[in-house]
Amino acid sequence: MKKRSTRYNGMFNAMVRCQLVVASLVTMMALSACSDDDERPEPTPTQNDALMILDKDKLAMIYSLRDLEGSRGRIYEMTYDVDYKLDEALNFGIDCTDRLKMFVALNLMDTIISSKKVKLSYDAGCSAFACPDKKSGHYLMGRNFDFNHIDPDTKERDMIPVIAVHTAPKGGKKSVSFVDGKFVDYKSGFYTDGNSDLSMLMALPYLLLDGINEDGFAVSVLKLDGLPTLQQKPGKKKTFTTVAMRMLLDRASTVKEAVKMLEDYNMCMDKDTASYHFFMADATGDYAIVEYTNNNLSDHPYQMETLTGHDTLRYVTNFYVSPTMADTKHGIKHSSHGKLRYDILKRELSGYNYQLTPTQAIAVLDSVAQGPEDTQLSTGFTQWSEVYNLSKRRVSMTILREWGKTFEFGIK
């Protein structure tokens, strides 16, 4: 394997190949940004190149990635400490993954190698809920990220790397968010495989699936069936699912502020046979589901609706909950996409009177987690599970339903 040149001198001469449990019996905990600096794992050594990056600060950031299990390649952590140019992204008219790729290439990369194709895709199954902790009075949000990555040739499941991304933008809010690395074609162990080009780590701030900021505002995205959202109101800028989520984490303190920000943009989602809704909650105890609706299923959803203020809106899966969509095949009355998980959430949360301790929240996540043997539940595969403590600005994560092992994250 060709040895990578020293990354701090900015010189590259190579052209080579480019789920949570808070339990007392847990003794093996991956350390994170909540930990003291001297307790955090050291950067993970790698000889992989980042061929499209020349800037020494970007390279230092890329090579600061930490494998939180030592060398298993399943969960990594990075502090993203260079400018990811959110204002430019919001002004770039990003309305699809191709446009996002173009933004990343033009604004975050230093050079483009013609033989290298920048890969980026996006999708999200999932379950989410919000509730107060009946013992501490803290506010919690629970979240399973469910998605199956199947290799088209072997038909086997591709195992993903989870990447926790810490950001602290100038003039914005600190946050930690979570990325499925397979959406930029990184498989488990990519960082030290001797083959994967690391340049697409520059796109991490715009690949989030959920996250929390320093004010205790958290947001997650979940998949819906049907045509993708396409808003076209005159005088409003376009934005894309993940760019909007980055904006909300960087700039919103509460659910109400987040909703107002979304109202100022035309939301565009580009997957042919899917749209998305957002589930968000904050440290004041507020929560909301944001959907883009149109009961004419032959046309794109375009009307933004904010659904909140009732306990039956504390949880969500993968169909529309808006009354506008109720009588359509993708709405709450008729869709089967996530319906069993939804019914379980309803039963469990109502059984607890919509108040959970963190341990109970874990049990609820477990009850709707998906795996290959769960034939009734499986519209996906639970990659990670989280309990967000919005009051304490912390996240406890379990990957792959390994409930006896947790990873703790917080705001630096």
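K339 and D343 lie four residues apart in helix α6 (residues 339-351), which puts about one helical turn between them. In this predicted model, the two residues form a salt bridge. K339 counts as partly exposed at 27% relative accessibility, and D343 likewise counts as partly exposed, at 34%.

A salt bridge also joins the side chains of R347 and E348. R347 is exposed, with a relative accessible area of 52%, whereas E348 counts as partly exposed at 21%.

In helix α4, D250 forms a salt bridge with R246; these residues are four positions apart, about one turn of the helix. Both D250 and R246 are buried.

| Salt bridge | Closest N and O atoms |
|---|---|
| K339 and D343 | 3.0 Å |
| D250 and R246 | 3.1 Å |

The structure holds 23 salt bridges. A network of such bridges links E69, R72, R74, E402 and K405.

Helix α4 (residues 241-251) is mostly covered, with ten of its eleven residues buried. The buried residues include T241, V243, M245 and L248.

The open sheet comprises nine strands with mixed pairing, in the order β2-β3-β6-β7-β8-β9-β12-β13-β14. Strands β2 (66-67) and β14 (303-307) each have a single partner strand, so one side of each is left without a neighbour in the sheet. The pairing of β2 with β3 (residues 75-80) is antiparallel, over two bridges, and R66 has E77 in β3 as its bridge partner.

Helix α4 lies across β6, β7, β8, β9 and β12, running at about 5° to β8. Helix α5 (residues 255-263) also packs on the sheet, where it touches β12, β13 and β14; its direction makes about 150° with that of β12.

How values were computed:
Residues are numbered from 1 along each chain as its sequence is written. This is a predicted model: local features need pLDDT of at least 70, side-chain atom pairs count only at pLDDT 80 or more; totals for chains, interfaces and linings use all residues. Side-chain values use heavy atoms; hydrogens and water are left out. Buried means under 20% relative accessible area, exposed over 50%, partly exposed in between (1.4 Å probe, protein chains only). Two strands pair if DSSP finds at least two bridges between them. Contact means heavy atoms within 4.5 Å. Axes are lines fitted to C-alpha atoms, for helices over the stretch in contact, and angles run from 0 to 180 degrees between N-to-C directions. A salt bridge is a side-chain nitrogen of Lys or Arg within 4 Å of a carboxyl oxygen of Asp or Glu.
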